[in-house]
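Thanks for coming. I have one structure to go through today, so let me put it on the screen.

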Amino acid sequence: MCDTCAKNHVSPRSHRDHCIVPMALTGNGQHANPASSRELECSSHPGHRLELYCANCEKAICMKCGLIDHRDCRIGHLDQASKEKTAEVSRLIAQVDEEVVAPLQKAILQSEADQRLVLDSSEKAKED
């Protein structure tokens with residue numbers, strides 16, 4: 001669901017049974033069909049809900065997919081996989097902050113300090 005639509009779904013009484021779904025999971029990035037927004041439907045098996053996660057293929061699947069196409073794969077519950085992926089993304093963001101952003105910020109501060117020194121030295125040289 002896009003941000004605009006999500007903001008319209010804040011009324012607890014009239015929308016308490018609505019499920020806000022990330023746009024990436026709607027398939028085409030367009031507004032999801034309200035009838036299907038409560039449960040994600042399998043594109044391979046219409047009428048079947050996506051409730052499992054295939055770790056091998058890294059995709060959400062339905063029970064039928066699990067029995068037919070993913071018999072030899074590692075399969076788990078979609079809710080649990082979602083929690084694990086969310087935690088993994090949070091860890092990666094923290095890692096990028098620590099390993100990339102923090103050193104860049106430090107380098108920028110050092111560069112600004114060096115620039116001030118050069119400007120101060122240049123002005124002092126002009127005065128002399």
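Predicted model: local features only at pLDDT ≥ 70, side-chain atom pairs only at ≥ 80, totals over all residues.

α4 has 50 residues, and at 1.5 Å a residue it should span 74 Å. Its end C-alpha atoms are 71 Å apart, which agrees with that figure. The helix does bend, by about 35°, and the place of that bend is D97.

Now the charged side chains. How many salt bridges does the model have? The count comes to three. Two of them involve K85, so I will take those together.

K85 forms a salt bridge with E88, and the closest N and O atoms of that pair are 3.9 Å apart. Both residues lie in α4, three residues apart, and that is about one turn of the helix. As for accessibility, E88 has a relative accessible area of 33%, so E88 is partly exposed. K85, at 32%, is partly exposed too.

The other partner of K85 is E58, with 4.0 Å between the closest N and O atoms. K85 lies in helix α4, residues 78-127, while E58 sits in the loop between β1 and β2, so this pair ties together parts that are 27 residues apart in sequence. Taken as a group, E58, K85 and E88 are linked in a network of salt bridges.

Stay with E58 for a moment. The loop that holds E58 runs between β1, residues 52-54, and β2, residues 59-61. Is E58 buried or exposed? E58 has a relative accessible area of 55%, and the cut-off for exposed is over 50%, so E58 counts as exposed. Its backbone is also worth a look: phi of E58 is near 55°, a positive value in a residue other than glycine.

The remaining salt bridge joins E51 and R49, whose closest N and O atoms are 3.2 Å apart. What about the exposure of these two? E51 is at 26% relative accessibility, which means partly exposed. R49 is at 37%, and R49 also counts as partly exposed.

C65 is found in helix α3, which covers residues 63-68. Why does C65 count as buried? Its relative accessibility is 5%, and buried means under 20%, so C65 falls in that class.

Which residues does C65 touch, leaving out those up to four places away in sequence? They are C42, S44, H45 and H70. Take S44 from that list. S44 and C65 are 21 residues apart in sequence, yet their C-alpha atoms are 7.8 Å apart in space.

H45 is another residue on that list. Where does H45 sit? Its place is in the loop between α2, residues 12-15, and β1. H45 has a relative accessibility of 12%, so H45 counts as buried. Again leaving out residues up to four places away in sequence, H45 touches C62, K64, C65, I68 and D69. Among these, K64, C65 and I68 fall within the residue range of α3.

To recap, there are two places to look at on the screen. One is the network of E58, K85 and E88, where K85 and E88 lie in α4 and E58 lies in the loop between β1 and β2. The other is the contact between C65 and H45, with C65 buried at 5% and H45 buried at 12%.

Conventions
Residues numbered from 1 in each chain as written. Heavy atoms only, no water. Helix = DSSP H or I, 4+ residues; strand = E, 2+ residues; numbered from the N terminus. Buried < 20%, exposed > 50% of the residue type's maximum accessible area, 1.4 Å probe, protein only. Contact = heavy atoms within 4.5 Å. Expected span 1.5 Å × (residues − 1). Bend = angle between axes of the 7 residues up to and from the residue.
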